[in-house]
Structure formats: structure tokens, C-alpha cells
Amino acid sequence: MGQSLVPTATTDFNVVILGMGGLGSVVAMALVAAGIRRLTLIDADCVALSNLHRQPLYLEQDIGQRKVEIAAQRLTAMAPDGTIATHPLRVETMEQLLPLALTHACMVDASDNFATRFLANDAALASGRPLVHGAATGLKGQLMTILPFQSSCLRCVFDAPPDVQVATCQEAGILGPLVLEIGWLMAIECIKLQTGAANLLTNALLTVNLETGVRRQIALARQSDCSGCT
Ligand SMILES: [Zn+2]
């Protein structure tokens, strides 16, 4: 029989979530529902009408209000015994992120841009904390879990943020159900980290294409010349 994936209520396992858009909403809801209720939410944005189809924590009545504040209210309503901290800021520097990484058991990168993704990767390496990375645009998404200096990091795979301007969700569009799919899978990685379960999604990039229905797991390996983890 495999190891239990039921989180234990007594744990002090806490998670910091970077980005409270679609992926962040879904991860937070899934974690709270699963019993992981010590969360720190980071996002500078306010709720916009165009967010609502893919960001299930927010309602039309929330438009114009800070996402982290609304998210904390909804998550607390789901689980009044939870502890939800909020940071309504745009994390752009290691000085901002490292203290948060060091005070949490796990980081979730649910951001929407490459600069933040690489910053999260580097903060994971600097703090030694595991990172669950996820991204979703259009009909395609991906995720991977990074155990610093044990498994492949983002820089092992991509080296550095691309120079080209990549379309944002706002520009490219995104299908709401894709966010649910990738977000749930990211939450499961957090639950595995909390329960100590084996078979983390490490040294692998899981890609999901909702247009074809195909999931692929691309094998990765730490690179001896990685600019991040060597
Ligand atoms: Zn690396």
C-alpha cells in the first residue's frame, strides 16, 4: 500500500504562494480543503472582470479589490481555523522573497511571468526550500517540483528567462479548466511534500495539452553546468 496522502491536521507545514491569479486560487483552495491551512499569499493585483472565468476565488462583486484580501476572506470562510497571511506586493528582488522562503516549508510559483519564475527558482536554491512550479497559457500548461540541489531546477532546463516577449494570459487567453487541472496537480505536489510521499514530480516536466488531451512527462536531469544549482 502506498503512503497516505492525507495531510495531518497537527502539522505546522506552511506554504507561500507567489501569484493569486488562476493557479494560485486553485492551489490555495485545494490546500485548504485538504487540511493545509497555513498559507501566505503574495499578489499586488486587484480583481478584474477578465479574471473571473479562470480565477475561482473571485466574484464580480470583488472587482477592484486586492486579490490577496479577497482570497484570505474566502479561504478563511472555507476553514476558519486556518492562518492566512497576505502580502499585497509585487515580488521583484531576492531581498523580498528570501525571508519568505526561509519561513515556509514550501514555495508555490503560480506567477505569470518569467522574471518571477526564475526569482522563485533562485530563492528556492538559496533557502533550500522545495518549489512547486506551474504555468498555464491558452490550452497548454506545465508543472514540475524542484528539490534544491537534489533535482533539476528551472535553470537546468531553461538556463535564463527568455529575451523574447511572451504573451501573457491577458493577451493569449486561457481556458478556465486548464487552470483547474494544473492547479490541482500543483496542490498534490505540495501535499506529497507535506506527507513525505514518494514519487514527487522531480527531474521531470509534466506538460498538459487540453487541445489534444495529451499529458507528457519529459525526463529532466540536473546539469553540471547549471548557472543555478551547481
Ligand atoms: Zn539547476
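1. Helix α1 covers residues 22-34 and helix α7 residues 176-195, and they pack at an angle of about 45 degrees with axes 8 Å apart. That makes α1 oblique to α7 (under 35 degrees is roughly parallel, over 145 roughly antiparallel, 65 to 115 roughly perpendicular, and the rest oblique). Axes here are lines fitted to C-alpha atoms, for helices over the stretch in contact, with angles from 0 to 180 degrees between N-to-C directions.

2. A word on what you're looking at: this is a predicted model, where local features need pLDDT of at least 70 and side-chain atom pairs count only at pLDDT 80 or more, while totals for chains, interfaces and linings use all residues. Residues are numbered from 1 along each chain as its sequence is written. Helices (H or I, at least four residues) and strands (E, at least two) are DSSP runs, numbered from the N terminus.

3. Who meets whom between these helices? On the α1 side, the residues include G22, L23, V26 and V27; among their counterparts in α7 are V179, L180, W184 and M186. Contact means C-beta atoms, placed from the backbone, within 7 Å. The residues of this contact divide into 14 nonpolar, 2 polar and no charged (Ala, Val, Leu, Ile, Met, Phe, Trp, Tyr, Cys and Pro are nonpolar; Asp, Glu, Lys and Arg charged; the others, Gly among them, polar).

4. Now the loop between α7 and β7 (204-209), where N199 is found. Though not a glycine, N199 has a positive phi of about 65 degrees. Is N199 buried or exposed? With 8 C-beta neighbours inside 10 Å, N199 counts as exposed (12 or fewer is exposed, 20 or more buried, in between partly exposed, with C-beta atoms placed from the backbone).

5. L200 sits in that loop between α7 and β7 too, but L200 is buried, with 20 other C-beta atoms within 10 Å. Leaving aside neighbours within four places in sequence, L200 contacts T145, E189, K192 and L193. The C-alpha atoms of L200 and T145 are 6.9 Å apart, although 55 residues separate them along the chain.

6. Finally, the sheet: it is open, with 8 strands in the order β3-β2-β1-β4-β5-β6-β7-β8 and mixed pairing. Its edge strands, each pairing on one side only, are β3 (83-87) and β8 (214-219). Pairing takes at least two DSSP bridges between two strands. β7 and β8 pair in the antiparallel sense over 6 bridges.

How values were computed. Contact = placed C-beta atoms within 7 Å.
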